[in-house]
Amino acid sequence: MRAVQVVELGGPSAVRVNEVEAPAREDGHILIDVAAAGVNFPDLLLTKGMYQYKPDPPFTLGSECAGTVREVGEGSRYAVGDRVVAFTMSGVFAETVSVPEWAVLPLPEKVEFAAGACLPMNYLTAHFTLVTRGELREGQTVLVHGAAGGVGTAVVQLAAALGARVIGVVSTEAKAQAARRAGAHETVLAEGFKDAVKELTGGAGVDAVIDPVGGDRFTDSLRSLAPLGKLLVVGFTAGDIPTVKVNRLLLNNIDVRGVGWGAFALPREGFVAHEWDELTPHILSGALDPLISERFPLEKAADALARIDDRVVTGKVVLEV
């Protein structure tokens, strides 16, 4: 079968589509024929050897996909032909993949495969961020950094679906339009966002800041919080890991909370399925509908990764098999 492989740690240019042995189904796994796969920032980091998971080349990329069940074991809750989404550490940028059954989730009939492939990683993360770690309540105000990106648009959509007022932070007007399409009620530019947020909230500040970006905007994010507000640290796409002076937390009665979805969810049996059950009504209603900016065939995987590397992507990039 065809698979997208990193042949050396040289970035997107070191990615090749190779013929590899098709996987055999392992015990407790489901074999899936992949129809589409979501391309994520960690995939780019893996091509450079910069992710915490560091497999030796050659290895197959890809952590989330949608497709149809090809083979199951005895007693599986799935049947051959079922439409599903799945996630794993790597390996789904291929025509067929073997995935543990607990990491396979049912895809509603009304959702196309390309959209389904964008749901697992970002929307499960968004749910964990807002509900489990953020304890979001209807009527609260949420500030979302990177609001036009994959994680950002997922958080924007879910926060809006849960009844929050959403302010998106973006770097360009084009990205502001994408954030508004995702459901942001207002958008502000990253440059000077603190003052813009103060004006939008009448000086009250926001109840939560969702930050998948990191970098030099961290302190102003803290300053944008209302009393008892929470800054939720999702990631560091800016590259720099900020630090916090904890006296600021004490003086303003605010929290900084880490959001490590995988570290929490994966060891807890049934947690991912519970999250998916809570997301499904919003998927069916159309409130959660991934913004797909570009689609590439499997052979153009290097181009898809380069688009993420160039930081020009809004929403999600998808590979179609």
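Let's start with Cys118, which is buried, with a relative accessible area of 0%. This structure is a predicted model. Cys65 also counts as buried, at 1% relative accessibility.

Why is there no bond between these cysteines? The closest cysteine sulfur to that of Cys118 belongs to Cys65 and lies 12 Å away, which is too far for a bond. From the side of Cys65, the closest cysteine sulfur is the one in Cys118, again 12 Å off and too far. A disulfide would need the two sulfur atoms within 2.5 Å, and the count of disulfides comes to zero.

## An enclosed strand

Cys65 also leads us to strand β6, where it stands opposite Ala86. Strand β5 (residues 64-71) pairs with β6 in the antiparallel sense, over five bridges. Strand β8 (residues 104-106) runs antiparallel to β6 too, joined to it by three bridges. In β8, Pro106 is the bridge partner of Val84.

Is strand β6 buried or exposed? Five of the five residues of β6 (residues 83-87) are buried, so the strand is largely enclosed by the rest of the structure. Arg83, Val85 and Phe87 point one way, while Val84 and Ala86 point the other way.

## Two crossing helices

Now for a pair of helices: α3 (residues 120-133) and α10 (residues 271-285) have axes that come within 10 Å and cross at roughly 90 degrees. That makes α3 roughly perpendicular to α10. The residues of their contact divide into eight nonpolar, two polar and two charged.

Which residues meet there? On α3 they include Tyr123, Leu124 and Phe128, and on α10 they include Phe271, Trp276 and Leu279.

Definitions and conventions
Residues numbered from 1 in each chain as written. Predicted model: local features only at pLDDT ≥ 70, side-chain atom pairs only at ≥ 80, totals over all residues. Heavy atoms only, no water. Axes fitted to C-alpha atoms, helices over the stretch in contact; angles between N-to-C directions. Helix = DSSP H or I, 4+ residues; strand = E, 2+ residues; numbered from the N terminus. Parallel < 35°, antiparallel > 145°, perpendicular 65-115°, else oblique. Contact = heavy atoms within 4.5 Å. Nonpolar A, V, L, I, M, F, W, Y, C, P; charged D, E, K, R; others polar. Buried < 20%, exposed > 50% of the residue type's maximum accessible area, 1.4 Å probe, protein only. Pairing = 2+ DSSP bridges.
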